[in-house]
Amino acid sequence: MGYRKIANHLNQLEIKTIKGNTWNNTNVYSVLKKYKERQQRLKKRDKDYKTIWSRMEVKWELNNKYD
């Protein structure tokens, strides 16, 4: 189903956008695009990454400007 058909269907059901407007094809495209991007972000967030251990060193130095 195309974006225009989806928009027409939502308008026939009298479903308004979040701002209370009628739907058009660009609104439908935007909502579906943002949904897809969110799903991808959540997939990356929930992925189990392999733990890599390495040597780490913390070095404290005194930095005097007036020496």
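**Exercise 1. Overall form**

What percentage of the 67 residues of the protein count as buried? Determine also the secondary structure and the spread of the chain.

*Solution.* 
Step 1. The model is a predicted one. With a residue counted as buried under 20% relative accessible area, the share comes to 7% of the 67 residues.
Step 2. The secondary structure consists of two helices and zero strands. The radius of gyration is 25 Å, whereas the globule rule gives 11 Å for 67 residues, so the protein is more spread out than a compact globule.
Step 3. Along the principal axes, the C-alpha atoms fill a box of roughly 75 × 40 × 15 Å.
Step 4. The accessible surface amounts to about 7,500 Å², and carbon and sulfur atoms account for 52% of it.

**Exercise 2. A nonpolar surface patch**

Which residues make the nonpolar surface patch of about 290 Å²?

*Solution.* 
Step 1. The patch is made by Tyr3, Tyr29 and Leu32.
Step 2. Membership requires over 30% relative accessible area. Tyrosine 3 has 39%, tyrosine 29 has 41%, and leucine 32 has 40%.
Step 3. Tyrosine 29 is located in helix α2, which covers residues 25-45. Leucine 32 is likewise located in helix α2.
Step 4. When residues up to four places away in sequence are not counted, leucine 32 touches Tyr3 and Ile6. From the C-alpha atom of leucine 32 to that of asparagine 8, which is 24 residues away along the chain, the separation is 15 Å.

**Exercise 3. The loop between the helices**

Is threonine 17 buried or exposed?

*Solution.* 
Step 1. Glutamate 14 lies in the loop between α1 (3-12) and α2, and threonine 17 is found in the loop between α1 and α2.
Step 2. Glutamate 14 is exposed, with a relative accessible area of 67%, whereas threonine 17 is buried at 14%.
Step 3. Phi of glutamate 14 is near 60°, a positive value in a residue other than glycine.
Step 4. Setting aside neighbours within four places in sequence, threonine 17 is in contact with Thr22 and Trp23.
Step 5. Glutamine 12 is found in helix α1 and counts as exposed at 64% relative accessibility.

**Exercise 4. Salt bridges**

How many salt bridges does a search of the whole structure find?

*Solution.* 
Step 1. Side chains of opposite charge can pair when their charged atoms come close. The criterion is a nitrogen–oxygen distance within 4 Å, and the search finds two salt bridges.
Step 2. One joins arginine 45 to aspartate 46, with the closest N and O atoms 3.1 Å apart. Arginine 45 is exposed, having a relative accessible area of 59%.
Step 3. Another joins glutamate 61 to lysine 59, with the closest N and O atoms 3.7 Å apart. Both glutamate 61 and lysine 59 are exposed.

**Exercise 5. A position further along α2**

*Solution.* 
Step 1. Glutamine 39 is placed in helix α2.
Step 2. With a relative accessible area of 35%, glutamine 39 is partly exposed.
Step 3. Glutamine 39 and leucine 10 are 29 residues apart along the chain, and their C-alpha atoms are separated by 23 Å.

Key. Residues numbered from 1 in each chain as written. Predicted model: local features only at pLDDT ≥ 70, side-chain atom pairs only at ≥ 80, totals over all residues. Heavy atoms only, no water. Patch = residues over 30% accessible without salt bridge, like charges linked within 9 Å, V, L, I, M, F, W, Y side chains within 5 Å. Areas by Shrake-Rupley, 256 points an atom, 1.4 Å probe, with all protein chains shown as cover. Salt bridge = Lys/Arg side-chain N within 4 Å of Asp/Glu carboxyl O. Helix = DSSP H or I, 4+ residues; strand = E, 2+ residues; numbered from the N terminus. Buried < 20%, exposed > 50% of the residue type's maximum accessible area, 1.4 Å probe, protein only. Contact = heavy atoms within 4.5 Å. Rg over C-alpha atoms; globule rule 2.2 N^0.38 Å.
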